[in-house]
Structure formats: C-alpha cells, structure tokens
Amino acid sequence: MECISISHKTADSGEREKFYIPKEKTGDFLQKIRAVTGVKACVILSTCNRTEIYVEGEENRFCELEKALGTFSGNEVEQIRSLARRYQGKRALYHLFRVVCGMESMVLGEDEILGQTRDAYLSAKEAGYTGYELNSAFQAALACAKRVKTETMISKTAVSVATLAANEVARLPLSRKTVLLMGGSGQMGSIILKNLLSQKNVRIIATVRSHKGVCQSGGEQVEHVAYQNRYAALEEADAIISATASPHYTLTAGRVREAIQSPKERLFLDISMPPDLDAEIGKLAHCRLVALDDIKKLAEENNRRKQQAFADAEEILEEDLEKLCKALAFHRFTETDAHWKERYADCSAEKLLYLLRDGLDSASFERVLAVLK
C-alpha cells in the first residue's frame, strides 16, 4: 500500500483548500486514480485538514498520483511535491492507523476523523475501487480506532474542532448570547449545535435552505431563518458560526458591513473547507474572525494534556498493526503460491526447523522456538 498526504502538518488552510476534493467530485477522482497505471485499488480521504490518496498495486506510484492530483485540482505538480508526504508499505499502514485514531489530527484524539474515514472507505468500496489489502487495512484501522476510543482517555475530553468552536462562544463575556449558525444540519454543524445547546443562556438562530435542513432538536433554544435572510439576522447575533459545504462564501465583508448597524463586538467562526467566510470580515470594526488555522492554536493546550493517553493509544496501535501486517504477509504468501500446502506436506518438523534456522536472524529464530514451546 502507498499513500500521499497533504495535511495541516505540511500546508496552511489556504494551501489545503487547493487540493480539497468535495464529496460530489470524489467518484470522478477515484475513477482517475484507478486509471493510473499499476494502481489496482484506491481510497480518497479529503477533509478540512487533509487530502490523502491510498492505493494498492505496483510500488512507487507516487509520481503518477501527484500528476493525477495536480490535473484534477488544477495545481502545479511541483507544489504538490513540496507539500505532500509519501508513505509506503508498513509506514503507509502505520500512517493510516494514526490518522483514523485521531493521532495525526489538528486536535489530538478528535472523533470526527473516524466517521470521515469510514465514509471515505465505504464510498470507495461500494463503488468497487477497493481490494483485499485496502479492505483489510481500513477495516483494521477503524477497529483499532474504536479500541483506542474505548480503552484510553484520548477522546474523553472536548477534543474536536466543533467543540473548540463552541467553547469560543462560551468564553464570550455575555450573560446571554445569540448565535447565528449556518450549516447546522450538516455533520460538523450538528455537533456544534449539540455543544451550543449544552450551554446556558444561549439562543440559536439556525439557517435553513429547505424543510429537509431544519434542525429538529433544541426546542425553544433554536429558531430557524431562511438562508437567504442570513444577513438580516447578523444585527442581533453576538457570534456567527459557518459550517457549510458551500463552494461559495456564505458571508462577504461588503454585505456584512452593510448589514451591521450596532457597534457591539461580534465573533465570526469559520470551520469550513473551503472557507465559508470572507477573510476581510476580520478587518471590519468590532468583528473578530477565527478560522481553521486559528483553531490549531486553540488545540495546543488540549494536546499537551493528552500525552499519556497518546502513549496508551500508541501501544494499542502497534499491537493491532502487527496483527494486520502478519495477516497481509500470510495472504501474499498463499496468493503467490497456491500449492504451498502440497509443497510442505512431506516436510518433517526437523527439516522445517533447519530451514527456519538458516533463513532467519537469531532473534527471529529464538521467537519461533519460543512459540513452538
């Protein structure tokens, strides 16, 4: 297995946006990757913090994958090579496990990546783009992430971009707050909504595009306003959160300036990729804009508190990864030699031990003998 990765560790939000693959284009991109010479199977994972391509097939497909990503995203291959990290074999498997377990996330231990990876894998699998190795790897990584979540403290405290965003609202020095939430019916928005509803004295105005998008929870705490009337709702809002999947700005600085009449302080939170809010909003008087790169700073203290849980998670990861590597190695062996059982049918235990002795290093041979005992 091989992987190329552009993430928050190698690129800022503006650079990551260039390579973001929206859900509606994932099928086309999977088809492009599968058409690359030597690629037998593929999975695409694209979130606000990472775009990664996992492939199964011939080795060293990196150049071809970079060209395919460059062509599809309309960016120079040289830029991709300056931002992307490459992983191969066991290192690719290790990276996948760390990603799914939230150990490579901007916010250490965040829960959203588990669901995002599951959706990305199932989308590729249902479309017929996965093979034995990718199926085994993703299923094992998802199972490992559930173990880490259950057996360690890595996900036991507020650890997601959504919860950190809601915490920013909680820190506003107001006895009662009005929050305008755009995208509250989506995956990230619904988590934010849940966090806001757990706070006291918070009134939420949620935008809706249709009856399907109406947030059903929250009771009197949640009011609904048509999305096209969002600018009219700005005047009474103390905090504005945008978490949509829109390809366009949900708010632009010019129209925000026109809509706001009172000079009170307002917090604008943008947790979307591509960005929902015009960056110029942060330059308006009495407006503070917090975007994804700013949330990275908010996550640092949370991550420091999780170092012991991180170590516990690493032990579980290595244990499950070792099992996977053995399973894949055995599969490759039996797939290469369909008659392996017949070949060893007449091999005595003594002869097999001599073969192992001559072919293994001393440490590995001692482990074999320990297992036989």
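Modeller: The term covers a side-chain nitrogen of Lys or Arg within 4 Å of a carboxyl oxygen of Asp or Glu. Glu223 sits in strand 7 (residues 222–226) and Arg203 in strand 6 (residues 202–208), so the pair ties together parts 20 residues apart in sequence. Helices (H or I, at least four residues) and strands (E, at least two) are DSSP runs, numbered from the N terminus.

Modeller: Keep in mind that this is a predicted model: local features need pLDDT of at least 70, side-chain atom pairs count only at pLDDT 80 or more, and totals for chains, interfaces and linings use all residues. Residues are numbered from 1 along each chain as its sequence is written, and side-chain values use heavy atoms, with hydrogens and water left out.

Colleague: Is Arg203 buried or exposed?

Modeller: Buried means under 20% relative accessible area, exposed over 50%, and partly exposed in between (1.4 Å probe, protein chains only). Arg203 has 18%, so it counts as buried, whereas Glu223 is partly exposed at 33%.

Colleague: How many salt bridges does a search of the whole structure find?

Modeller: It turns up 24. One of them joins the side chains of Arg16 and Asp293 at 3.9 Å, N to O. That pair links distant parts of the chain, 277 residues apart: Arg16 is in helix 1 (residues 13–18) and Asp293 in helix 12 (residues 292–304). Arg16 is buried at 4% relative accessible area, while Asp293 is partly exposed at 28%.

Colleague: And which residues are linked in a network of salt bridges?

Modeller: Those are Arg147, Glu151, Glu319, Asp320 and Lys323.

Colleague: What does Lys90 pair with?

Modeller: Lys90 meets Glu322 in a salt bridge between their side chains, at 3.7 Å, N to O. This is another link between distant parts of the chain, with Glu322 in helix 13 (residues 307–336) and Lys90 in helix 5, 232 residues apart. Both ends are partly exposed: Glu322 has 32% relative accessible area and Lys90 has 47%.

Colleague: Why is helix 5 described as largely enclosed by the rest of the structure?

Modeller: Because 8 of its 11 residues (residues 90–100) are buried. Among them are Leu93, His95, Phe97 and Arg98. After helix 5 comes Gly102, with a positive phi near 80 degrees.
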